[in-house]
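Open the model in your viewer and keep the selection tool at hand. The tour moves stop by stop.

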Amino acid sequence: MSVNDLPEELLEQVLYICLAPPAWGVREYFYDDGISLRASIRGRNLGLLLVSKTWFRIGAPLLYSSVVLSTPTNIKTLAAVLQRNPELGTAIRSLWLEPG
């Protein structure tokens, strides 16, 4: 059995563990120096979305479930992504605006 033979429901749970935000609040994603812990943790796992189209389809909404915007560049990037993939907008469950 290969990983591609896993049921999508199980794959979603595995990707959730790797990509979704932790159970604690958004505020705790940041170290005192302002560097995003969330970006550090999730950034290492982004390659999982490149495994296959199925993994991307299942994992991208998990990645966008919690969005932190701290700079104008972040806002422009998110806007561009949502223009290309409007369905990702429905995945956003929490939006945190951080002064930058």
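A nonpolar core here is a set of buried Ala, Val, Leu, Ile, Met, Phe, Trp, Tyr and Cys residues joined through side-chain atoms within 4.5 Å. Keep in mind that the model is predicted.

**Stop 1: the core**

Select Leu15, Leu19 and Tyr64. Among the 16 residues of the largest nonpolar core, Leu15, Leu19 and Tyr64 touch the most other members. Now colour by element. Helix 1, helix 3, strand 1 and helix 4 each supply at least two residues of this core. Which element gives the most to this core? Helix 3 does, with five residues. In soluble globular proteins, nonpolar side chains tend to be buried together.

**Stop 2: helix 1**

Select residues 8-19, which make up helix 1. The helix has twelve residues. From first C-alpha to last, helix 1 reaches 16 Å, close to the 16 Å expected at 1.5 Å a residue.

Show side chains next. Leu11, Leu15 and Leu19 of helix 1 are buried. They cover an arc of only 55° around the axis, so they sit on the same side of helix 1. An α-helix has 3.6 residues a turn, so residues three or four places apart point the same way. Turn to the other side of helix 1: Glu9 and Ile17 are exposed there.

Stay on Leu11. Its relative accessibility is 4%, and because buried means under 20%, Leu11 counts as buried. Leu11 and Thr54 are 43 residues apart along the chain, yet their C-alpha atoms are separated by 9.5 Å.

**Stop 3: the salt bridge**

How many salt bridges does the count come to? The count is one. Select Arg57 and Glu8, which form a salt bridge with their closest N and O atoms 2.6 Å apart. The pair links distant parts of the chain: Arg57 belongs to helix 3 (residues 53-63) and Glu8 to helix 1, 49 residues apart. Side chains of opposite charge can pair when their charged atoms come close.

Are these two buried or partly exposed? Arg57 is partly exposed, with a relative accessible area of 46%. Glu8 is also partly exposed, at 37% relative accessibility.

**Stop 4: the strands**

Select residues 66-69 and 94-97. These are strand 1 and strand 2, which pair in the parallel sense over four bridges. The chain runs from strand 1 through helix 4 (residues 72-84) to strand 2, and this β-α-β crossover is right-handed. Pick Leu69 and look across: its bridge partner in strand 2 is Leu97.

Now view strand 1 alone. Ser66 and Val68 point one way, while Val67 and Leu69 point the other way. All four are buried.

**Stop 5: a loop**

Finish at Asn45. Its place is in the loop between helix 2 (37-43) and helix 3. Asn45 is partly exposed, with a relative accessible area of 23%. Asn45 and Leu63 are 10.0 Å apart in space and 18 residues apart in sequence.

Methods: Residues numbered from 1 in each chain as written. Predicted model: local features only at pLDDT ≥ 70, side-chain atom pairs only at ≥ 80, totals over all residues. Heavy atoms only, no water. Salt bridge = Lys/Arg side-chain N within 4 Å of Asp/Glu carboxyl O. Buried < 20%, exposed > 50% of the residue type's maximum accessible area, 1.4 Å probe, protein only. Pairing = 2+ DSSP bridges. Right-handed = clockwise from strand over helix to strand, strands pointing away. Expected span 1.5 Å × (residues − 1). Arc of directions from axis to C-beta.
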